[in-house]
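Please study the structure below with its sequence at hand. The paragraphs that follow lead through it step by step.

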Amino acid sequence: MKLPKYAWFILLTCSYALLAYETQWNVYVILLLLAISLYIVEVVYEQQYESKKSKENKELQEEIRSTAKDAHLKNKQLLTIVSSIPFPMLLIDQFGNIVMHNNIASLCMSHLEPLTYLDNPFVHGVREFIKDAFILERDMDKIININGVEFQAISIPVLAKSKYSGCLVLFQDISKTLEGEKMQKRFIADASHELKTPISVLKGMVEILNRDDFDDPITEKEFLSQMAKEVQRLDVLVKDLLQLSRLSLSNVILEREKCDVCALFDKACDSLWKNAQQKQLNIQKDYQTLEYAFCDPKRMLQVILNLLSNAIKYSDSGTITLRTRMETTYYILEVEDEGCGIQKKDMEKIFDRFYRVDDARSRQSGGSGLGLPIVRSIIEAHGGNIEVESTYGKGTLFRIKLKN
């Protein structure tokens with residue numbers, strides 16, 4: 001315990017008082033010595049106390065600085081993490097103030113600072129979600145359409161010592177995911193429809209042929225011939241579906257090599273020459289370059305066969321031109337016909353799965369409606385692109401660009 005202030009002075013005063021009343025000298029000396037001792041003890045104690053207090057203050061100050069430094073570092077790390085998050089997010093404290101946010105421009109109608117859960121420039125749907133998330137103090141999940149973009153809004157309560165201290169709100173763009181799900185559902189529906197047609201035809205013919213009273217050799221022969229065509233159509237459709245499914249994967253395996261594209265054109269012409277002759281079509285070759293292209297020869301032959309087959313299918317007269325040429329660093333392949341052409345309303349849909357410009361003609365020729373989607377998938381897997389130019393009633397040009 002610290003000594004009372006000036007205790008030595010009080011004792012010294014008492015010793016003088018005793019001396020004034022002629023007290024014995026030995027008592028005076030004792031009191032004087034005691035006062036001096038107390039003075040010395042107090043001085044030493046004061047020095048030790050001040051030294052200890054100074055040391056404690058230094059340690060406390062160092063601890064405060066260290067804590068502040070750690071807090072600043074953690075805050076900086078948190079800001080770095082938040083700023084690197086690619087989708088909008090915000091943090092609301094226990095008082096309803098938005099203390100941290102990132103990438104919120106797409107959610108706002110204007111700029112406003114400071115932000116709170118009630119006073120903010122967010123669009124109506126976002127503002128209502130933030131208000132509900134803060135007031136209800138629970139997990140929330142909702143899909144919000146913001147300027148035509150679908151966002152999944154997620155609210156996560158933040159707890160400190162089991163006490164609600166705000167919430168974290170995230171907005172993730174799920175438009176591509178939803179579009180992918182829609183495309184998948186549409187693809188399944190279209191595939192089911194395409195498979196259902198030949199299966200229904202086969203089922204009906206089999207039921208007729210299995211009747212006990214059926215006895216018509218001519219009809220039976222016609223049915224068997226038609227059944228063979230439908231089976232062939234099913235086989236083509238299933239193979240195209242499997243191939244398109246494989247091409248839809250991100251890791252398409254291509255066996256690339258330096259390839260003679262002109263030779264592939266020649267091979268495709270040999271395969272489809274009879275088809276062209278039956279329609280009295282002329283196939284013209286315009287090879288402006290004989291350079292090799294770096295591609296998968298099997299896949300590229302499939303592309304050429306598909307485009308040439310379509311040119312023959314949708315042409316009743318005229319010339320089909322096969323062309324190769326160089327354009328800066330691109331190797332260009334072109335298939336041009338003088339057929340029926342494509343209407344403007346169909347131009348954006350020709351690469352859609354199961355879409356047919358001329359449904360009757362395509363079904364008659366056994367087409368699956370997957371040829372052009374497969375072509376585009378193969379070209380995109382090569383890192384190239386395919387373009388189409390067409391004038392209705394005059395012809396169509398398909399152009400493939402490969403990086404060489």
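I143 counts as partly exposed because its relative accessibility is 48%; buried means under 20% relative accessible area, exposed over 50%, and partly exposed in between, with a 1.4 Å probe and protein chains only. This is a predicted model, in which local features need pLDDT of at least 70 and side-chain atom pairs count only at pLDDT 80 or more, while totals for chains, interfaces and linings use all residues. Residues are numbered from 1 along each chain as its sequence is written, and side-chain values use heavy atoms, with hydrogens and water left out.

I143 belongs to strand 3 (residues 140–146). Helices (H or I, at least four residues) and strands (E, at least two) are DSSP runs, numbered from the N terminus. Leaving aside neighbours within four places in sequence, I143 is in contact with E150, F151, Q152 and I174, where contact means heavy atoms within 4.5 Å. The C-alpha atoms of I143 and A153 are 5.9 Å apart in space, although the two are 10 residues apart in sequence.

The aromatic rings come next. Across the whole structure, a search finds four aromatic pairs; rings of Phe, Tyr and Trp (its six-membered ring) pair if their centres lie within 6.5 Å, and planes under 30 degrees apart count as stacked, over 60 as edge-to-face and the rest as tilted. The pair of Y117 and F134 is tilted, because the ring centres are 4.4 Å apart and the planes stand at 35°. Y117 lies in the loop between strand 2 (98–102) and helix 3 (124–136) and F134 in helix 3, so this pair ties together parts that are 17 residues apart in sequence. Y117 is buried, with a relative accessible area of 18%, and F134 is buried at 11%. An edge-to-face pair is formed by F129 and F171, with 6.2 Å from centre to centre and 65° between the planes. This pair links distant parts of the chain, with F129 in helix 3 and F171 in strand 5 (residues 163–173), 42 residues apart.

Five strands form an open sheet in the order 7-9-10-12-11, with mixed pairing; two strands pair if DSSP finds at least two bridges between them. Strand 7 (282–287) and strand 11 (385–391) are the edge strands, each pairing on one side only. Strand 7 and strand 9 (residues 319–327) run parallel and are joined by six bridges, and Q284 stands opposite T321 in strand 9. Strand 11 and strand 12, in contrast, run antiparallel and are joined by seven bridges.
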